[in-house]
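Hi,

Here is the structure I promised to pass on. Have a look at it first, then read my notes below.

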Amino acid sequence: MLPTLSYAAASAKAPLAPYRFERRDPRDLDVVIDILYCGVCHSDLHTVRDEWGKGEYPIVPGHEIIGRVTAVGKGVTKFKVGDMAGVGCLVDSCRECASCKEDLEQFCENGFTLTYAGKDRHDGRVTQGGYSSQIVVDEAFTLRISDKLDPAAAAPLLCAGITTYSPLKHWKVGKGSKVGVVGLGGLGHMALKLAHAFGAKVVQFTTSESKREDALRLGADEVVLSNNPEQMKAHAGTFDFILDTVSAKHDLDVYLQMLKRGGTMTLVGVPDKPAELGAGALIFGRRSLAGSLIGGIAETQEMLDFCAEHGIASDIEKINIQDINEAYERMLKSDVKYRFVIDMASLKKEGAAA
Ligand code: NAP
Ligand code: ZN
Ligand code: ZN
């Protein structure tokens, strides 16, 4: 077994604190990754605080993982020791169902295995995530990271990047589309960059006036303060597609009314409380409300390669792992520009001192 340092939540009310556990020895198709950086996703916070109601503690969160391969199982062909590698939200799936066969492992009909708070299909142990010194993952669920990408700024692509890339592709956002992005956080700023790179006209909706200049710099053609009815009204009925990344309960009707006839609004944010919805905004205009979940492994690789090719990565604020609880509080105040990324050297230093 591989002794591993981490930060974990012992309960929904406990702050994250140092925790030691053992990773499995690599199986034939596993790679062992020494973690250099891990992004901080709002899903980490929802999960450790049990807002989605499925926590089994202790939980080591983290599913935006980048690091160097330090060992490989004897059947591994995709990676060798020293390679840069990434791990996102999934570490396994059944690989046999219709969804898996179509490279849509995130919709595995027999249940995919989450990177943390999941259950390993072979040994039944609870999976633990990337706020840790190392991780052991099947090569089929490990991503190649181009050396054109800065590893710290690329970490958030593993969740925030793919979660926004996949719906933009699925709903065919490109030249000629008018797209709205709701919420300028980790997911929102990636949606903005990607929709802009795909050639769409992008309007950023935000509740934070202080983010206006950044939104324009990140690729928005226009920025709308969502609590300003005048600014909102000017765009009514004009969008082909809206991607909603908001992490807390909010009014969906106002955004549905922004869609053109036949337009689609897709939710990727997962607030802890259900939304209220009037049928009117959908019926008048034959509009659609949809959802989207991360992306499959092949599409995640496609997104990483696209980002490397186009010089796209996350705007990050590097933090030490000792500051993670404060970072969560700032995330709740929408005070992130635009993704916290943990520099795992801070964890290893702490481990060496202990
Ligand atoms: P984040 O960085 O905290 O960003 C969320 C943004 O939403 C905030 O920056 C803020 O933007 C806006 N917001 C927050 N509270 C709001 C409120 N009460 N009313 C209106 N706007 C509000 O979070 P994230 O990491 O991007 O994650 C966003 C959501 O997506 C989370 O629920 C997360 O769990 C979920 N998620 C889903 C998937 C998936 O596969 N579907 C994958 C990853 C994450 P402004 O300051 O611009 O208003
Ligand atoms: Zn995430
Ligand atoms: Zn499957």
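**What I found**

Let's start with a metal site: along the chain, the donors of the zinc ion (ligand 2) are spaced C-x21-H-x95-C. Donors here are N, O and S atoms within 2.8 Å of the metal (3.2 Å for Na, K and Ca), and since water is not among the atoms, sites may look incomplete. (Helices, H or I with at least four residues, and strands, E with at least two, are DSSP runs numbered from the N terminus.) The protein donor atoms are C41 (SG), H63 (NE2) and C159 (SG), 2.0 to 2.3 Å from the zinc ion (ligand 2). H63 and C159 are both buried, where buried means under 20% relative accessible area, exposed over 50%, and partly exposed in between (1.4 Å probe, protein chains only).

Before you go further: this is a predicted model, where local features need pLDDT of at least 70 and side-chain atom pairs count only at pLDDT 80 or more, while totals for chains, interfaces and linings use all residues. Residues are numbered from 1 along each chain as its sequence is written, chains are lettered from A and ligands numbered from 1 in the order in which they are written, and side-chain values use heavy atoms, with hydrogens and water left out.

Now the other zinc site. C94, C97, C100 and C108 each coordinate the zinc ion (ligand 3) through SG, at 2.3 to 2.4 Å. Their spacing in sequence is C-x2-C-x2-C-x7-C. The angles between the four donor atoms are 104 to 120°, so the arrangement is tetrahedral (for four donors, all angles must lie between 85 and 135 degrees). C97 and C100 are buried.

Next, look for the open sheet of six strands, ordered β12-β11-β10-β13-β14-β15 with parallel pairing. Two strands pair if DSSP finds at least two bridges between them. β12 (222-225) and β15 (288-291) are at the edges with a single partner strand each, so one side of each has no neighbour in the sheet. Strand β14 (residues 259-267) is joined to β15 by four bridges, and T266 sits opposite A290 in β15.

Finally, the whole protein: there are twelve helices and 17 strands, and 55% of the 354 residues count as buried.

Cheers

Key:
Tetrahedral: all angles 85-135°; square planar, octahedral: opposite > 155°, others 65-115°.
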